[in-house]
Each structure stands twice: as structure tokens, then as C-alpha cells.
Amino acid sequence: MTITNAVRGAFAAMMLLGAMITGGCTSMTAGESTGMAAEKADSQPNILYIMVDDLGKEWVSCYGAEDIQTPNIDALAAGGMKFHNAYSMPQCTPTRTTLLTGKYPWRTGYVNHWDVPRWGVAYFDWKQKENTTFARLMKDMGYATFAAGKWQINDFRIEPQAMKKHGFDDWAMWTGYETDNPPSDKRYQDPYINTPEGSKTYKGQFGPDIYVGRLIQFMRTHKDKPMCLYFPMALTHIPLVATPDEPNARSPLDRHKAMVRYTDKLVGQLVDALDELGIRERTIVVFTTDNGTAGKITGTLNGHKVKGAKAQESEAGVCAPFIVNCPGLVPAGVETEALTDFTDMLPTFVELGGGELPEGLIIDGTSIAPLILGKEKDSKRKWIMALGFGRARLTEDGVRGAKVFATRVIRDKRYKVWVSNDREIVRFHDLREDPWEANNLLSSERAEHTKAVRKFQKVVDALPEKDAYPLYEPRAANRWDQKVRGNKKR
Amino acid sequence: MITQTIKTVLCATASLLAFNTFATASHPNIVVILCDDLGYGDVQCLNPENGKIKTPHVDKLAEQGMVFTDAHSGSSVCTPTRYGLLTGRYSWRTRLQRGVVQGFAPCLIAPDRLTVAGLLKQQGYATAILGKWHLDFQYQDPDTGEILPKKGSAPVGATIPDGPVSRGFDFYHGFHHAGHMDRIIENDKVIEILEEIHCLPRLTEKSVAYIEKRAKTPEQPFFLYVPLGSPHTPIVPSKEWQGKSELGPYGDFVMQTDATVGAITDALKKHGLADNTLLIFTSDNGCSKQAGISALRKQGHYVSAQYRGSKADSWDGGHRVPFIVRWPGKVEAGSSCDQLITLVDLFATVSEITGENAPDMAEDSVSFLPALSDLPIVSTRKGVVHHSISGHFAYRQGKWKLILARGSGGWTSPKENQVKADALPAQLYDMEKDPGEQNNLYLSHPEVAQRLLANLTADIQNGRSTDGSASQNDVENIVLWKSQRTRGRR
């Protein structure tokens, strides 16, 4: 297939470029990981990564959200470490692929949203070693691996065992909206869920209860082993629905609030389960979200009205709530300005598990394990980055980024730049003075400003001029595949 | 290389998974419910704050499907909207340069022009129209066969040589327009005289019966076009609906219309057709003055929600219409779309769904099929043309809207003869920042106004607004600037 070769060729070029810049910036090499190297199971903490769908800080009360109370999430923050400067990506697919691989979207090729079960053609191909997930690495290190919630980067009709191939022993995932398969559009009431046994509707049940229920069941069965639990939950994404606790919620905002409160309740259920199973002290819980709130929902954060910023590169779109908690392992009551983004999770998990990154696996992130274990006061990151929103483009050659070079934002603890499709810095903000990014200081001549811009310019200069393409082996056409829209179409 | 055999096998397997009835993803049943004079703000879920009429059945559709928030009828009045919907061509390309038709005249749709119904009939669909035609036809004396004169009335038994059954529909039960609502026609014959108050119940009953009948032969997909006569005048809610809305007869009639939507969706569900039916709910233009707009406003009900004006106008209240699509398996429940579409786009959309490129003759139609999958609409059409009752043109491109009128261009004050002497010759609005069309930017953004005017002029002169083979308007001189005083002042 010429397509395969072209894709592989392009990707190989990317890897070279990538190797060059990670060498200069922030990659974690195998030698840096701790030397625990898969010793004994009891020294390997469990990891429970809870990721809410579409929710910004303006809906988490410990960050200053004023229109909601989230007591269970707040308790995790009070008893753990609350991050102020943690970047997700702006939208679903880029966030998930970044989190799973430890690579930025410009390296994975998922620089835009591509809803695989709905649009077909491309898919997150486990056969490409570049798509190695943290789950596969953790499994190799002796972890029992589990996922529940939303995946959306494979079509389980074609590959019902995709989760297994990506490294999960067991799972309960909403299938995503499978075009031509009406029952699959339900993730909440009467949800359509894929498990190792296949996909089916769970009539009369509320999806979020099933995902959590299966997760707790898995923990119960495997509590004597180290566990890596990935919970990219379905809540609080649209459709806005009433919940079992608030069945009469009618207006969009009331339903959204009900869904946030249900999210908080589920977090509480999980913590209770950890306590009950006696594994709380060796389970590192991370609470975060995949991107900001949907645009139609406005909340109040510390007196400021915040319009949902999903798919935007503003702080409300990408600076995610991020809380790490584990009594006994993670210091309690800590708030940190340390920089981290979702590329850091894979190396962090590997380090927590006492393993090493496989030789030749290029990633962009750096482990924050020393920080969250209280061994260091800061992360090693000098800057963090977020990019990837909007819809990808379908061409004769496959799925491609909407632009050759996607816009992106890069920040440190104080300053932030916005980079255009032309690979130019077009906005510069002092986040300490201007947290809502209203004043572009790019023309400022103050020494500290020009110095900061120069620093970011070096990061930009080291980035590849062209973003990668999603890497997948072409497969037989399906009738729900999106068609290439050429000039013939009107 | 993927062989044809593999493709075939995969397709066969996939279709086994999806449906057990005959209408398929490529040939779904299609139901289009077109209300008459129902304002954007008359649907509760589109106007949650200032909509006081309960529309539970339409709201339910929105929960099950996709709401288009920037959909426009081809015109601000009945006849031209219907022409555009059925042909994919703007009505102002025909002899009808303003106003509506009154019947007793040759059909506005030329005999050789393909309609949506004709196209679907070619594709093997059964096609039916139940309701208001309003595109002219002639009546023949049942005894002599002579064409009846306009001033007379059509007796029972009169035949219709150029009605819907000669324009692609297999079956017709309905009437010509509000003024002749009491003359019930079936296929090509006037069959009875019916009191107007019984019209909506009749159309409801006929729609349900049609669906029931079609369900008996599921091997043939159907197209059901239901252009209701309500809530247009005569405003005649049935006895059981009188007083229901507590807002007066118009509110009652809207509620009864909503109930008809419920009856149709119930029938689809009852016969197992809901899953493979593409259902569109919309309206032909904004709410009419006849509804008592200011009295409704005093009761807190805004018929055009946040938009300015109402039926007949160039302002959005004239032509921004409710547009909801339900198509299980294709359209995500509870979703919304803010892409700009027009009812003229039905033709190309249906063509693409059924596997045909839109024939060249649908000169102004662009498929919105990608939008149903949350993807961008691809088009060679630069913008969308609006047309008021008096023939005033307006043009929408992206966020900009240019109106070639000094006032409403319709019935709302100030009308063209009511504007102040110093009123600008045209209006330009930024619809993103100013959806209520209050801040005329015609003077401050002359380059935008010029660009839109050039595109509008080209779309008129070229005989089509999409790429395709050359096409001509039916009349030579289409007057661009309708207000005399402004002609030549551009």
C-alpha cells in the first residue's frame, strides 16, 4: 500500500525531528527513572486516574467555583496535592492520545478531534509501536490494568478487543457513537457498553453507575495486586441529562449541575471503596478533566464569570483541575504552582511502578513522581504545552490535521504565548497580572517580557515545521466511513 | 490491496449488525414536518427564558436529535420557502419576485424541474405530501375540463392537472393555502369541503394513517412531507386545546401543532420505524403579526426569541427558523449545530444521503449531511441569500449579514416607507456580537459590505450560487435594490 509507506515515511521524519528537540528540552531518558525496576508488588502503588469529560475549574469548588459544591473532590485536594498549573489538551481526542502515549499531538498526529466510531477511516492503531500506551507498559510491569468510561479512538464493532490490545485486562467502555448503530448513542440512561464479552445495552440502568460499579468490582477482585485504573468517565459531557439523584432537573444549567454533583458523588464512592478494601494508603488517586466545560455553560470562578472553553487554548480551556491524593504517600494540604501537562503521566506512572521506559520509546513528558511523592518541591518542567482542537480533515491519503501546523499555547509559571498556524508567536500574556488573557504584551519592550518571549521562541523553533499524521494501517472500508469531500461537492 | 471480495463481505457483515428492517442507512425513511408561521421563539427549548408556550414533543425531538441554531428558510414568506425546499433553488429565480401565490394559476415549479419528492421517487421511495401546497396549481371544471377562472371557487370534483402528484408525489391529501383551506384535495381531485377547525386534526390523522400503511411494506422506504397549515391563520385550535396555553388562541394552536408532532413520532415508534427514519422539524418563516405578537410579548412570550422582527422581514425574526433533525444512529442525541444552513439545502442533503450527487439543477443547494456527524459543511457557495416579502435581498456570509433595505423589508416597523429620511441605504450586522441586529455597521465596515454585495450580485447573476453547469434565472431583470430611493446610491 502506498498510503502506508507514505505515512510511515512521514512519521519516521517526525521521529527524527522529535528526537532532536526532546534531547534539548524535556524528555525523560531511561536512565533517569528510579532504580526500583519492578521489584515486589507491594512496593508498587496502585494508580487511579479519574478524568471527567468536559469540565473546567469553574465547576470544582476547591478551585473557587461558586455555583456548585463538590465536597468529595475538595476532600481529595485537602488531603493531597492541588495543582494550579496542569495542562490537558483542548479537546477530547488530543487529550486522550497524549495521556495514553506521553507524546504531544504534533507527534502522534492527533492534532484535531477525530471521532473514530462515528467517522471511521482512522483509528488508534495498537500495531504501531509509537502508539504504545501507559497501560501496556504498566501491564508489563506486573500491574492489573482496567479502564471504564469513554474511549472513542477505536471502533469496537471492528475490533471488539481493542482495549485488550491497548493493554487493558478488563474494561467497561461506552462504545462512542457508532454511526448506523442507534443504541450506541447512549452513554447515560440505557447505556451501550463494550466489555471483554462484547457490546450491549444495559436497559434501565444509568451508565455512570455501571462504569464505577465495574471499576470497584475490579478493585475488589485484584486488590492484592498492583492496579493501574484508568477512569475517563462519561460525565459531564452532553447530552445534558437528569441524574438518578435529581430526576426532575429540567433546564440545561440545572442538569449540568446535577451531573457535576453526580460526578462528585462517584468520586466519593471510589474513595469509600478504597477505604473499605484497605488499599487507600497505597492507591495514588488523580482527579482531573480532559478539557474545559462546553461553551454553552457559564460558571463563576472566584467572582469571575467563566464561559465554558472546551476546544479553546485559553486557560479555562486547558489549565485543568488536577489533584493528587494518597494518604501516606502524597503530602497532604499542598497547593503547587509546579508545571505539568498530560505528556508527563506515562513516565510518572512508569516511575511510580518502579519500571523503566523501554529503550527507543520517544515521549515528550517528564515524570512528576518525585514531586507528588514529596521528594522534590517542584517538577522538572520549564514549560508546558497544549494544542489540538477542531475537526481533522479527511483526504485521499487518510486523516490529516486541519492545518499543516496546529496552533498551540506554551506557558511557564508566569507567562504564556499563543503560537499561530504560521508558527509565529502572536500573543504574549503575563498570567499573574492578567489571568484572563486580555492584554497582549507582545509589543512590550520590558526586559523580563522580551526575555520570556525569547525563551518561548526557542521552544517554538525546536518544534517540527509540520505536524505528524495519525499513524494507522489502512483497513477495509466500512459503509459508515466519512467520504473524502473533493471539489466535486458543492 | 483490499480486494472487492473482502469489502463485500465486510459490508454484508456490517449490515447484518445494524438493522433488521428494510429502510437502510443509505435509504432511510424521511419525514419533513414544516410548520406554517411558527417562530423560532415559539419552541420552548429554543427560547428557554422568553418562551412561554409548552412544546414538550418538539423539545423531546431536540433531546433525541440535533438542534440547528442558525437555520434559515429560503424566504420570509410561505410560497418561496416551499419552492426552495422542494427544488433546491431560490424562488426569486422564478417569476415570483415578491409576495406569495394565490392558486388558480400554473404551478410555480416547472414541469421538467426535479423536486425532492421526484428525486426520491427515482430512488424507489413512496412519496406523500399531507398539507399545504401553496405553489400554485389550476383547477379544471369536472364536467367540461375547462380551467376554472381565478375569481371563482373550486367545486368538489374539480380536478388539478399540475398539482403535487405531477411534481413527484405519489399521494396528496391537503389544500392549496390558508385562504382555500376548506377545499380538501386528494391526489388530483377536490374531494370535500371541510371546516377549517378540522384541518389540523385531519392532517394528524392522515399522517398517522400513512405511517401505519407504510409500515406494512417496509421493503420500500418512504418520504413523507407534512407542510402543516398551523399555527398560521385561521388560528383555530380544536375545542380540547382552547385555553390550554393560557396565552390566547395562538399559544393554544402552537400547542396543538406540537401535539401533532407527538402523534407522528408516536406512530413512527409504534411501528418500529423511529430508528431508520430521518425526521426533520422546521417552519417556513417567522411568526406572523396575526398571532398578536405584542400581546404575547406583554405576557412574556417572545415569538422570535432574541432575534429582531418576524414573518415577512429581512431581519432574522423573518427567516431564522426552528430546525431539528432526529436520525438515530447518525445524529447524536441532545447535540446542537451552529453552522449556517437553509431549507434550500434539503435537496442536496437528501441527494447525498441516497448516494446521488445533487443534480446540477438544484442550483442553490448544499448538503448539510456532514453537519449531522458534527463535521464542517463543505461548499462552493459563499453565502446564503435571504428574501423578504417585498423582495428585499439580504446576504449572510459567516458572521456578517448585509440587508439591502433601510428598514425591516417586511411588516415590522420601521417599514421601508416609515424609515427616517437620513436612514442608511443598507444595513450590515455582525450576527455574532449583535444577533438582535441593532448596531448597523454599514458605514464603518464598507469593505465587508462591498464583499457581501459582490457575492450576492454574483449569486443572482450567475443563475446559481454553487459550482455546476451554467444555469439561468427564469426572468431577465431581478431587481437587486428594491427600495426606490436607494437605487443607484450604492
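User: How many contacts beyond four places in sequence does the model have for residues 486-490 of chain B?

Analyst: This is a predicted model, in which local features need pLDDT of at least 70, side-chain atom pairs count only at pLDDT 80 or more, and totals for chains, interfaces and linings use all residues. Residues are numbered from 1 along each chain as its sequence is written, chains are lettered from A and ligands numbered from 1 in the order in which they are written. Over residues 486-490 of chain B, pLDDT (the predictor's confidence in each residue, from 0 to 100) stays under 50. Counting residues as in contact if their C-beta atoms, placed from the backbone, lie within 7 Å, the number for this stretch beyond four places in sequence is seven.

User: How many contacts does the stretch 1-21 of chain B have beyond near neighbours in sequence?

Analyst: Chain B has an average pLDDT of 92, and 93% of its residues score at least 70. Residues 1-21 of chain B, by contrast, have pLDDT below 50. Beyond near neighbours in sequence, their number of contacts in the model is 19.

User: Which residue in β9(B) stands opposite Ile33(B)?

Analyst: Strand β1 (residues 29-35) of chain B runs parallel to β9 (residues 277-283) of chain B, and seven bridges join them. Opposite Ile33(B) stands Phe281(B).

User: Is α2(A) parallel or oblique to α9(A)?

Analyst: Axes are lines fitted to C-alpha atoms, for helices over the stretch in contact, and angles run from 0 to 180 degrees between N-to-C directions. The axes of α2 (residues 71-78) and α9 (residues 252-276) of chain A come within 7 Å and cross at roughly 55°. Angles under 35 degrees count as roughly parallel, over 145 as roughly antiparallel, 65 to 115 as roughly perpendicular and the rest as oblique. Therefore α2(A) is, relative to α9(A), oblique.

User: How far apart are the centres of domain 1 and domain 2 of chain A?

Analyst: The domain assignment, automatic or from a database, gives domain 1 (34-381) and domain 2 (395-462) of chain A. Taken over C-alpha atoms, their centres are separated by 27 Å.

Note on methods
Pairing = 2+ DSSP bridges. Helix = DSSP H or I, 4+ residues; strand = E, 2+ residues; numbered from the N terminus. Contact = placed C-beta atoms within 7 Å.
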